Amino acid sequence: MEGASEIKSVFWIGTFVMLFLAFGLLAMVLFYQRHFAKMKQKETELLLKTALESEKQERQRIAKDLHDSVQGDLSAIRNYFLLLSRKIHDSQNQFLLEETKIALEQTIENTRLISYKLMPPLLENGGFIMAVQDYFETLSKSTGKIFTLQQHLEDFVVNTAIGYELFRVVQEFTSNMLKYGTINECKLFVYETVEGISLELVDDGVSFDFKSSYAQSKGSGLQNIQSRLSSIGAKLVQREVASGNHFVIYLPKEI
């Protein structure tokens, strides 16, 4: 009887040790997997921020080159052209000069617009709100559509990096509206909440589901929107509406 009792005790001790080791091994595997997932997430976020920052710097460089170099050269050509046109008086050549002048002026204006779209000067000098107001005014004039901004907070203060990403998100949304949405009007509301700042983008164009379009999209537009918002810790929510589209961007206060 005593021997059977000892065997029973050894069995239970052995079972307990085996279970302890098994649970310990399982806990280590779970800890490692969680740690690995966090490391991968940090690595992905770092790569994303690096890519977006590189893109921003490249945009700044190209915009500066277009403004300082190409536009400067075109302005110099325009001055030489005006001097040349004063020496030519026959009607046939005057017609060609006038056509050339119109083409040259259009090229200068197009270069200015490309430079502006790459990096609006107001974004760094005046901030997000001023840059969007100016962008909407330009967009309304060039497209004939109505773009308005309504600000319901005393001051919208975010650092330049966050303002830049938000501006690009708004720019991407409005480009998609004009390209695919056949909109007539777009409104952007900016206001403060207890949690942070909200930006509501409402349009009357063709409705679409952002999540399903994002999952099926092979282009970079919707992916850029999601990547830019993730890089600044903002969240995008699409509200159900009877017609058009209604998106809300939540920017937490701690940012």
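## The sheet

Five strands form an open sheet in the order E1-E2-E3-E5-E4, and their pairing is mixed. At the edges are strand E1 (146–152) and strand E4 (235–238), each of which pairs on one side only. From one strand to the next, the twist averages 15°. The model described here is predicted.

Strands of a sheet pair through backbone hydrogen bonds, in either a parallel or an antiparallel sense. Strand E2 (residues 185–192) pairs with E3 in the antiparallel sense, over seven bridges. Within this part of the sheet, Cys 186 stands opposite Asp 203 in E3.

## Ser 198 in strand E3

Strand E3 covers residues 196–203 and includes Ser 198. Is Ser 198 buried or exposed? Its relative accessible area is 1%, so Ser 198 counts as buried, the cut-off being under 20%.

Leaving aside residues up to four places away in sequence, Ser 198 touches Phe 189, Val 190, Tyr 191, Thr 193, Val 248, Ile 249 and Tyr 250.

## Helix H5 across the sheet

Helix H5 (residues 160–181) lies across E1, E2, E3, E4 and strand E5 (245–252). Relative to E5, helix H5 runs at about 175°.

## Helix H7 and the residue after it

Helix H7 spans residues 221–231. Which of its residues are buried? They are Gly 221, Leu 222, Ile 225, Arg 228, Leu 229 and Ser 231. An α-helix has 3.6 residues a turn, so residues three or four places apart point the same way.

Gly 233 follows H7 and has a positive phi, near 75°.

Methods. Residues are numbered from 1 along each chain as its sequence is written. This is a predicted model: local features need pLDDT of at least 70, side-chain atom pairs count only at pLDDT 80 or more; totals for chains, interfaces and linings use all residues. Side-chain values use heavy atoms; hydrogens and water are left out. Buried means under 20% relative accessible area, exposed over 50%, partly exposed in between (1.4 Å probe, protein chains only). Helices (H or I, at least four residues) and strands (E, at least two) are DSSP runs, numbered from the N terminus. Contact means heavy atoms within 4.5 Å. Two strands pair if DSSP finds at least two bridges between them. Axes are lines fitted to C-alpha atoms, for helices over the stretch in contact, and angles run from 0 to 180 degrees between N-to-C directions.
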